[in-house]
Amino acid sequence: MIKTIYPGQTIGIIGGGQLGRMIALAAKEAGFKIAVLDPSMDSPCGQVADIQIIASFDDETALEELSEVSDVITYEFENIDFEGLKRLSEYAYVPQGADLVRITQNRITEKAEIRKAGVIVANYVVATSHVELKAVIEEIGFPCIVKTAFGGYDGKGQVKLNSIEDLPEATPLFEHGACIAEAFVPFTKEISVIVQRNGSGETYCLPAGENIHKHHILHETIVPARVTDVVLTQATKAAEQIADHLNLVGTLAVEMFVLEDDTIVINELAPRPHNSGHYSIEGCTISQFHQHVRAICGWPLRKPVLHQQTVMVNVLGEHVVPLSNAIPKYPNWSIHLYGKEEAKTKRKMGHVTILTDDLNETLKQIEHSGIWSE
Ligand code: AMP
């Protein structure tokens, strides 16, 4: 049953990180109240929430408490305990349901569902042990990438194997359970599409972003992605196809590889707002966070239109001080910092968004600022 949630009512968020914070800030503009569940006292979302429940994500009593104060519940990360979320969705209003979390938590189910949606993923095999991997790896060949089925992110929990001699390098991955081995994709670009859908099936995609990683962490998103119009159209179509197949309510980030011949291969999904969609706060007529709130509150969605070419650059721990010093120099940069106290190296602390009519000049400005030179 689809409900409409109105301003003045409370949105509960499981997870108090920056995604929760940006969902909360968008929701508060429309007069919603925010309750957040997070184990830390001073979480980025907790700082802007009306109600904080400080407990671990799988604490059933805390989830019950969240449901008592919330009219609708959403989540900002996918590694929540699925069984707990499922139980919660039986007595609280969780319009996104729990199934999408189950599917996207596990690369094996995720890839199978993407295929069922009629979209291409890299060829892969599943192995539950290193012995099994050895037996099936030739089906994929080399180079290939072995990834843990559960729990990997930002390049963690995966190794690239260039030949059969490298096989022992994959052994430690099996300590975390089953793995997949997938063919190495010789991509020319990595792009992502954020697709959002409400309970009535209304669906919109944000313009595709081109993602540039450094040390396996997203560094920069350039929008629109510098790919052909054919790729842009195909990317949106693929994201919509997956969203429809999964009966999506809320937000799904679809990460894709683009090949030389313009073929698109889906890499992975995230069932929540995504770092590569942060640009939409300033870059589009509606941000991924506002649209997410609309989708879970049963509101009609708005078609996102890009105002101008946009670049988003991530601010990691080591970038905070040089960025702060540079603020006076760059009035056109929108600075977002998430309120995290400890600026640890490589920790995501914030991002900068720049709208531009001269992309190359802006990319040069970013480079010459010296902030991201490490
Ligand atoms: P993932 O955690 O699956 O998003 O992988 C992290 C990064 O590793 C991706 O953004 C790619 O740059 C790279 N990668 C992952 N899978 C593949 C693949 N099958 N072929 C080539 N590069 C890959």
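Predicted model: local features only at pLDDT ≥ 70, side-chain atom pairs only at ≥ 80, totals over all residues.
User: How many aromatic pairs does a search of the whole structure find?
Analyst: The search finds five aromatic pairs. One of them joins Phe32 and Trp299.

User: How are the rings of Phe32 and Trp299 placed, in distance and angle?
Analyst: Their centres are 5.7 Å apart and their planes stand at 45°, so the pair counts as tilted.

User: Where in the chain do Phe32 and Trp299 sit?
Analyst: In distant parts, 267 residues apart. Phe32 is in the loop between helix H1 (18-29) and strand E2 (33-38). Trp299 is in the loop between helix H9 (288-296) and strand E15 (309-316).

User: Is Phe32 buried or exposed?
Analyst: Phe32 is buried, with a relative accessible area of 3%.

User: And what about Trp299, what is its relative accessible area?
Analyst: For Trp299 the value is 21%, so this residue is partly exposed; buried would need a value under 20%.

User: Next pair. How are the rings of Tyr330 and Trp333 arranged?
Analyst: They are stacked, because their planes are at 5° and planes under 30 degrees apart count as stacked. The ring centres lie 3.9 Å apart.

User: Are those two, Tyr330 and Trp333, buried or exposed?
Analyst: Both Tyr330 and Trp333 are buried.

User: Which residues do ring pairs link into a cluster?
Analyst: Tyr330, Trp333 and Trp372.

User: Switching to charges. Which ring face does Lys111 lie over?
Analyst: Lys111 lies over the face of Tyr124, at 5.8 Å from the ring centre. There is also Lys160, over the face of Phe184 at 4.2 Å from the ring centre.

Methods
Residues numbered from 1 in each chain as written. Heavy atoms only, no water. Phe/Tyr/Trp six-rings, centres within 6.5 Å; stacked < 30°, edge-to-face > 60°. Helix = DSSP H or I, 4+ residues; strand = E, 2+ residues; numbered from the N terminus. Buried < 20%, exposed > 50% of the residue type's maximum accessible area, 1.4 Å probe, protein only. Lys NZ or Arg CZ within 6 Å of the ring centre and 35° of its normal.
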